[in-house]
Amino acid sequence: MLKYSKQRESIKNFLVTRYDHPTAETIYLNIRREFPNISLGTVYRNLNLLAEIGEIQKLSPGIGPDRFDGNPAPHYHFICRHCGCVMDLTVSGLDHINILAGQDFDGEIEGHITYFYGACPSCKASEKCSS
C-alpha cells in the first residue's frame, strides 16, 4: 500500500486541472506556491510514481522535455514541431491497431502509444500569414 503524501496529491490535483500537458518544471513552479520547500527532485519522483501506478500519463514526445497528462485514460496526442505544444486528439477507429500489430507477432500486444506530429492550429495560421 502506498503511503499518502500531501505533495503527491497536490501534484495530481494540479495536473487534473491542466490540459496543456505541462513539464515537470512548470508543475514544480506551481506546486511551490503551496509547498515552498518542495524540491524539483521530489516533484520528479512523485510524477514518475504517479505515472508508474497509472494515475497520470508521462509523455516522452522526443521534442523537448517530458510532459505530463492528468488524464490516465488511453488517448492520443499531437505534438507541434514548431512551438512544441502538446494537445489531446480525439481519434476514433484505431482500436484495431493492437490486433493488426499482433498478427505477425508471437507475443502479446497489451497496448500502444502513438504521437502525431505537425503544425498546431496557431503555428499553421502564422505560417499562412507570413507567406
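**Close-up views of a predicted model**

**View 1. Helices H2 and H3 cross.** Helix H3 (residues 40-52) crosses H2 at roughly 115°, and their axes come within 9 Å. Axes here are lines fitted to C-alpha atoms, for helices over the stretch in contact, and angles run from 0 to 180 degrees between N-to-C directions. Helices (H or I, at least four residues) and strands (E, at least two) are DSSP runs, numbered from the N terminus. H2 passes H3 in a right-handed crossing; a crossing is right-handed if the near helix is turned clockwise from the far one by less than a right angle, and left-handed if anticlockwise. On the H2 side, look for Ala24, Glu25, Ile27 and Tyr28; Leu40, Val43, Tyr44 and Leu47 of H3 complete the contact, with contact meaning heavy atoms within 4.5 Å. Sorted by class, the contact of H2 with H3 has 7 nonpolar, no polar and 1 charged residues. Ala, Val, Leu, Ile, Met, Phe, Trp, Tyr, Cys and Pro count as nonpolar, Asp, Glu, Lys and Arg as charged, and the others, Gly among them, as polar.

A word on the model: it is predicted, local features need pLDDT of at least 70, side-chain atom pairs count only at pLDDT 80 or more, and totals for chains, interfaces and linings use all residues. Residues are numbered from 1 along each chain as its sequence is written, and side-chain values use heavy atoms, with hydrogens and water left out.

**View 2. Helix H1 packs on H2.** Helix H1 (residues 6-16) and helix H2 (residues 24-31) have axes 10 Å apart and an angle of about 115°. That makes H1 roughly perpendicular to H2 (65 to 115 degrees; under 35 is roughly parallel, over 145 roughly antiparallel and the rest oblique). The crossing of H1 past H2 is right-handed. Ser10, Ile11, Phe14 and Leu15 in H1 meet Ile27, Asn30 and Ile31 in H2. This contact of H1 with H2 divides into 5 nonpolar, 2 polar and no charged residues.

**View 3. Helix H1 also packs on H3.** The two helices sit at an angle of about 70°, with axes 10 Å apart, which makes H1 roughly perpendicular to H3. H1 passes H3 in a right-handed crossing. From H1 come Gln7, Arg8, Ile11, Lys12 and Leu15, and from H3 come Thr42, Val43, Asn46, Leu47, Leu49 and Leu50. By class, the contact of H1 with H3 has 6 nonpolar, 3 polar and 2 charged residues.

**View 4. Tyr76 and Phe116 form an aromatic pair.** The structure holds 1 aromatic pair. The ring centres of Tyr76 and Phe116 are 6.0 Å apart and the planes are at 70°, so the pair is edge-to-face. Rings of Phe, Tyr and Trp (its six-membered ring) pair if their centres lie within 6.5 Å; planes under 30 degrees apart count as stacked, over 60 as edge-to-face and the rest as tilted. The partners are 40 residues apart, with Tyr76 in strand E3 (residues 76-80) and Phe116 in strand E5 (residues 115-118). Tyr76 is buried at 11% relative accessible area, whereas Phe116 is partly exposed at 30%. Buried means under 20%, exposed over 50%, and partly exposed in between (1.4 Å probe, protein chains only).

**View 5. His21 has a positive phi.** This residue is found in the loop between H1 and H2. Phi of His21 is near 55°, and His21 is buried, with a relative accessible area of 1%.
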